[in-house]
Amino acid sequence: MNIARTRPFGQTYAFVVIGIIFLVLLIAAARASTPGVLILPLEQSFGWRRDVISLAAAISICLYGLAGPFAAALMDSIGIRRTVLGVLVAMAGATAASTWMTEPWHLIVTWGVIAGTASGGAAMVLGATVVNRWFTTNRGLVMGLLTASTATGTLIFLPLLASLVQTGGWQPAVWTVAIALAALIPLVYFFVPERPADIGLIPYGATTATNSVPPHPAPAQNLFASAFGSLARASKTRAFWYLFGTFFICGFTTNGLVGTHMIALCGDRGISEVQAAGLLAMMGVFDLIGTTLSGWLTDRFDPRKLLFIYYALRGLSLIYLPYSDFSLYSLSIFAMFYGLDWIATVPPTLKITNDVFGDREAPKIFGWIFTGHQLGAASAAFFAGYVRETQGDYFNAFIIAGCTGLLAAGLSLLISRRRALAPA
């Protein structure tokens, strides 16, 4: 008997869960990209140096990644719903508290430490955990849709936030993010069960309970033992270090550099914040298309070759940008090519992680790989701000980032997809 038929929604309830997780990732991404909108107004309001503001963004990005593996282990221990609820409360509270800041360390504590650490539970490890529990087929496509939520967050919120900053200052923009995070709490509480089996279902694509993911994990380990145990096993393989290294470069060339500094770069060229946010929104449109398409392609083609193409295109587009004239035409070309693979690398990277380490271990190991992504992003966020302060422009920061993209393209072809860990 197919137990999925015992529920009125059947297997389609998986898409209800995915829709809510999509919103969580979307708003979390909007929060993460907000410092890019705040750099100039905070500089003008408080006189803070750009590298100081960039440091807060770098700390947030770094902790966002470092918390990922522990968030995955926490989801395995106390459940997805409890973890995400705690994350949303912490992010909303810290974001709201930042409206009263008067010193740089207030920014570092609220946006950097508290919100950055909490957001690790609303990172790609959340998407990976949900997809592995609720789907046995079309995982690449669904992960592509969830990954594209970060682009959608940029698309929807950045122009709105930039407009709020321009008309009312930085506080209304911050309150908007805090309220949006708080509004997700009841949705997660009432509509996100832990596993399909908890409501009488099986994962989407499974025909019987026997070919689905086990309904409950093995007895929970200590949180740190679980996270570091997965790292210890994965770190003995070359595949892990290639994935970690390429994802470090992925973060270095996306939200750390462009996500944090693109609006400030355009400001140096006389382009207003609203126009620059519109450019990021345009990238979001193309990334929404590109990342969803990447998920579809990942289900059908060698993910290593896809990564080679994505990183090569990204590297070339970053090298091109500083040499452009920053006209509407040249920026549109950049937005199209760069936007198509902003985070199109996620579905093939997760696919390789599942192939090499298995469904049980993959979410935690992907959390460590995502840590590499965020360490790269944090490095770029601070590095680009430092380059701007010391050299007066962002030229070398973008050229160096473009070269690392080409390096990642070459490393992608060295990754082996052979199973490295025995099934649990």
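Q: Hi! Where does Ser119 sit?
A: Ser119 is in the loop between α4 (104–118) and α5 (124–134). Keep in mind that this is a predicted model.

Q: Is Ser119 buried or exposed there?
A: Ser119 is buried, because its relative accessibility is 1% and the cut-off for buried is under 20%.

Q: What does the side chain of Ser119 reach?
A: The side chain of Ser119 comes to 2.8 Å from the backbone oxygen of Gly116.

Q: And which residues does Ser119 touch, leaving out those up to four places away in sequence?
A: Those would be Arg31, Tyr64, Val87 and Met91.

Q: Where is Phe326, then?
A: Phe326 belongs to the loop between α12 (303–320) and α13 (328–340). Phe326 is buried, as its relative accessible area is 10%.

Q: Now the surface. Which residues make the nonpolar patch?
A: Val285, Ile289, Phe308, Ile309, Leu313, Met336, Phe337, Leu340 and Leu413 make a nonpolar surface patch of about 720 Å².

Q: Which helices each supply at least two residues of that patch?
A: α11 (273–298), α12 and α13 each do.

Q: Where does Met336 lie, by the way?
A: Met336 is in helix α13. With a relative accessible area of 31%, Met336 counts as partly exposed, and patch residues need over 30%.

Methods:
Residues numbered from 1 in each chain as written. Predicted model: local features only at pLDDT ≥ 70, side-chain atom pairs only at ≥ 80, totals over all residues. Heavy atoms only, no water. Helix = DSSP H or I, 4+ residues; strand = E, 2+ residues; numbered from the N terminus. Buried < 20%, exposed > 50% of the residue type's maximum accessible area, 1.4 Å probe, protein only. Polar contact = N/O pair within 3.5 Å; in protein donor to acceptor, adjacent residues only side chain to side chain. Contact = heavy atoms within 4.5 Å. Patch = residues over 30% accessible without salt bridge, like charges linked within 9 Å, V, L, I, M, F, W, Y side chains within 5 Å. Areas by Shrake-Rupley, 256 points an atom, 1.4 Å probe, with all protein chains shown as cover. Salt bridge = Lys/Arg side-chain N within 4 Å of Asp/Glu carboxyl O.
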